[in-house]
Number of protein chains: 2
Amino acid sequence: MFTIGKLASLTSVSNDTLRYYEQEGLVEPAGKSPAGYRLYDKDSARRIHFIKHAQNCGFTLAEIRDLLVLRGRDKACCGDVRTRAIEKKLQIEHKIRAMKAMSKALDQLIAECANETQPVKECTIIAALERANVSMEMR
Amino acid sequence: MFTIGKLASLTSVSNDTLRYYEQEGLVEPAGKSPAGYRLYDKDSARRIHFIKHAQNCGFTLAEIRDLLVLRGRDKACCGDVRTRAIEKKLQIEHKIRAMKAMSKALDQLIAECANETQPVKECTIIAALERANVSMEMR
DNA sequence: CTTGACCCTGGAGTATACTCCTGGGTCTAG
DNA sequence: CTAGACCCAGGAGTATACTCCAGGGTCAAG
């Protein structure tokens with residue numbers, strides 16, 4: 001069991017952020033000290049890592065909370081989680097395609113702009129980005 | 001030449017958003033009507049598409065403005081754009097790796113949770129996400 | 001028994017990217 | 001010549017995800 005500052009440094013988030021997550025229903029301390037200090041355990045750290053990872057991958061805090069709540073409900077069916085997972089996977093795949101197109105466009109730009117003294121007008125970044133045909137319907 | 005509503009529907013953004021972009025220095029109308037209506041041309045539409053695409057790929061409006069401003073400066077060297085492009089490419093590659101890990105974790109989840117009536121506790125989404133080893137230092 | 005590091009709550013402030021509202025002018029079809 | 005659709009500026013409001021602050025309690029070391 002450790003206090004908030006410890007968990008904060010273990011997970012590289014701030015005390016404030018941890019309290020904010022608690023307020024938003026994402027993490028509960030494992031317990032409280034007699035003085036009212038939040039006390040956390042290893043599981044809390046795993047939960048924070050989970051949150052950060054999921055966030056990194058494009059889940060919002062609300063979505064993450066949903067997943068965490070589902071996990072908590074013994075009666076919830078796998079199907080619920082599965083549906084969400086499939087939905088999210090499609091979103092992620094879409095985003096990956098967009099990012100790959102962007103990456104390619106950047107590659108081209110980097111290659112073609114090797115001449116450092118050439119004026120920008122000759123650069124192809126804008127053309128490359130305009131060419132890249134990725135749908136716009138993403139958030 | 002067409003008015004703001006036309007451009008809005010052509011590019012699937014709202015009138016308000018277009019005015020906001022103008023305010024933020026991202027798009028100028030090609031001209032104004034005698035009554036003060038904004039008038040746009042095809043280039044405006046291309047610019048909006050560029051903005052939306054770049055945004056979709058993780059550029060912030062500030063970064064996009066920088067790129068657009070650079071394009072406008074005849075004297076700017078290709079090197080400036082190139083440096084930004086390389087930086088952004090690294091960020092994008094990092095993000096793509098994270099998303100791929102997430103996608104894989106989701107695949108696994110979807111496969112393992114094929115039994116729709118299985119309780120969530122048996123699901124592996126959290127485990128999968130916790131296993132996925134993607135660095136946390138991303139924004 | 002005090003000092004400094006740490007913790008608490010509650011609330012305000014920040015950045016980004018919109019989104020909506022008020023109160024008014026313009027334009028086109030019937 | 002009027003109704004309805006569209007445009008304007010300026011400013012307030014929203015959502016997300018923090019971040020900071022005030023005012024005060026707690027705890028371990030010396």
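Of the 139 residues in chain A of this predicted model, 43% count as buried, where buried means under 20% relative accessible area, exposed means over 50%, and partly exposed lies in between (1.4 Å probe, protein chains only). The accessible areas come from the Shrake-Rupley method with a 1.4 Å probe, and for residues only the protein chains shown count as cover. Chain A holds 6 helices and 2 strands, and its pattern along the sequence reads α-α-β-β-α-α-α-α. Helices (H or I, at least four residues) and strands (E, at least two) are DSSP runs, numbered from the N terminus.

Residues are numbered from 1 along each chain as its sequence is written, chains are lettered from A and ligands numbered from 1 in the order in which they are written, and side-chain values use heavy atoms, with hydrogens and water left out. As this is a predicted model, local features need pLDDT of at least 70 and side-chain atom pairs count only at pLDDT 80 or more, while totals for chains, interfaces and linings use all residues.

Aromatic rings come next. A pair of aromatic rings is described by the distance of the centres and the angle of the planes. Over all chains, the structure holds 2 aromatic pairs. In one of them, A:Tyr20 and A:Tyr21 are tilted, at 6.2 Å centre to centre and with 45 degrees between the planes. Rings of Phe, Tyr and Trp (its six-membered ring) pair if their centres lie within 6.5 Å; planes under 30 degrees apart count as stacked, over 60 as edge-to-face and the rest as tilted. A:Tyr20 is partly exposed at 39% relative accessibility, whereas A:Tyr21 is buried at 3%. In chain B, the ring centres of B:Tyr20 and B:Tyr21 lie 6.2 Å apart and the planes meet at 45 degrees, so this pair is tilted. Here B:Tyr20 is partly exposed, with 39% relative accessibility, and B:Tyr21 is buried, with 3%.

Side chains of opposite charge can pair when their charged atoms come close. A salt bridge is a side-chain nitrogen of Lys or Arg within 4 Å of a carboxyl oxygen of Asp or Glu, and by this rule there are 10 salt bridges over all chains. One of them joins A:Arg65 and A:Glu24, at 4.0 Å from N to O. Because A:Arg65 sits in helix H4 (residues 61–72) of chain A and A:Glu24 in the loop between helix H2 (15–23) and strand E1 (31–32), this pair ties together parts that are 41 residues apart in sequence. Both partners are partly exposed, A:Arg65 at 27% relative accessibility and A:Glu24 at 28%.

B:Arg38 and B:Glu22 meet in a salt bridge of 2.5 Å, N to O. The pair links strand E2 (residues 38–39), which holds B:Arg38, to helix H2 (residues 15–23), which holds B:Glu22, and so ties together parts that are 16 residues apart in sequence. B:Arg38 is partly exposed at 23% relative accessibility, but B:Glu22 is buried at 15%. In another salt bridge, the closest N and O atoms of B:Arg46 and B:Asp43 are 3.3 Å apart. These two residues are separated by about one helical turn, because they are 3 residues apart in helix H3 of chain B. B:Arg46 is partly exposed at 41%, and so is B:Asp43 at 49%.

Helix H3 (residues 42–56) of chain B also contains B:Arg47, a partly exposed residue with a relative accessible area of 24%. B:Arg47 is 21 residues from B:Leu68 along the chain, and their C-alpha atoms are separated by 9.0 Å. B:Glu63, in helix H4 (residues 61–72) of chain B, is partly exposed at 26%. From B:Glu63 to B:Arg84 the separation is 21 residues in sequence and 9.2 Å in space, C-alpha to C-alpha.

Finally, A:Lys100, A:Lys104, B:Lys100 and B:Lys104 gather in a patch of positive charge on the surface. Patches are made of residues with over 30% relative accessible area and no salt bridge; like charges are joined within 9 Å, and nonpolar side chains (Val, Leu, Ile, Met, Phe, Trp, Tyr) within 5 Å. Lys and Arg count as positive and Asp and Glu as negative, while His and the chain ends are not counted. The place of a charge is taken as NZ of Lys, CZ of Arg, CG of Asp or CD of Glu. Helix H5 (78–112) of chain A and helix H5 (78–112) of chain B each supply at least two residues of the positive patch. A:Lys100, placed in helix H5 of chain A, is partly exposed at 42%.
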